[in-house]
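Trainee: I've got a model open and I'd like to learn how to read it. Can we go through some features together?

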Amino acid sequence: MLITISGPAGSGKSTAAAALAEALDYDHISGGDIFRELAAERDMTPLELNKAAEEDDQIDRDLDRRLRNIAETRDDVVLESRLAGWMAGEYADFRIWLDAPLSVRAERIADREDKSVELARKETMERGDSEARRYLEYYNIDIDELGIYDLVLNTARLSPEGVVDVLMTTLEAYEGEADEGKAPIEDVRYEF
């Protein structure tokens, strides 16, 4: 089974994806790790690479091509990134979107990156706006369209363990025979 976990920065997707993969004995593949690999390949920091991506569309396309290739060729994987559900497309067996209010996400990022909440909030908003514009331009993806996801969850209401419990309970309740169809991915331009 290929499970995708998507969501904005600070939503808890990396924490949840790692724990879910461990619980299922699946591989966890993180878009963030792939992005950091791309940055290292270019001798840049992830922040420098993200800014460069605003001018060089090949950066996003390299990351997204790698995500799409993983989705096409791998199974028993939890694939996690902001666009994982979209990039996995028809190959995903179950798509999950995690979110939390911006104030909560900014606090989490500030704690994780040892910066002020105000700075984390500003950077998170700028990053989100920049990525949303690029996704729409490159692939015709409206990141705010959540209709492709099988489960949407506000992680601010649960502990990290509670989030994984909800995900596990949902996946355990899934019955292939009763599945009446996943939401299709339409009008996306997979141009890498």
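This is a predicted model: local features need pLDDT of at least 70, side-chain atom pairs count only at pLDDT 80 or more; totals for chains, interfaces and linings use all residues.

Trainee: Where is Thr155 found?

Mentor: Look in the loop between β5 (151–154) and α8 (160–173).

Trainee: And is Thr155 buried or exposed?

Mentor: Buried means under 20% relative accessible area. Thr155 has 3%, so it counts as buried. Leaving aside neighbours within four places in sequence, Thr155 is in contact with Ser11, Leu98, Asp99, Ala100, Arg108 and Val163.

Trainee: How do I read a nonpolar core? Which residues touch the most other members of the largest one?

Mentor: Think of buried nonpolar residues joined through side-chain atoms. The largest core here has 30 residues, and Leu79, Leu83, Trp86, Tyr139 and Ile141 touch the most other members. At least two core residues each come from α2 (31–41), α3 (46–53), α4, β3 (77–80), α5 (84–88) and α7 (117–139). The largest share, five residues, is supplied by α4.

Trainee: What does Leu79 touch?

Mentor: Not counting residues up to four places away in sequence, its partners include Leu2, Ile29, Leu67, Ile70 and Ala88. Apart from this core lies another, of 18 residues, among them Ile5, Ile96, Leu151 and Val164.

Notes: Residues are numbered from 1 along each chain as its sequence is written. Side-chain values use heavy atoms; hydrogens and water are left out. A nonpolar core is a set of buried Ala, Val, Leu, Ile, Met, Phe, Trp, Tyr and Cys residues joined through side-chain atoms within 4.5 Å. Buried means under 20% relative accessible area, exposed over 50%, partly exposed in between (1.4 Å probe, protein chains only). Helices (H or I, at least four residues) and strands (E, at least two) are DSSP runs, numbered from the N terminus. Contact means heavy atoms within 4.5 Å.
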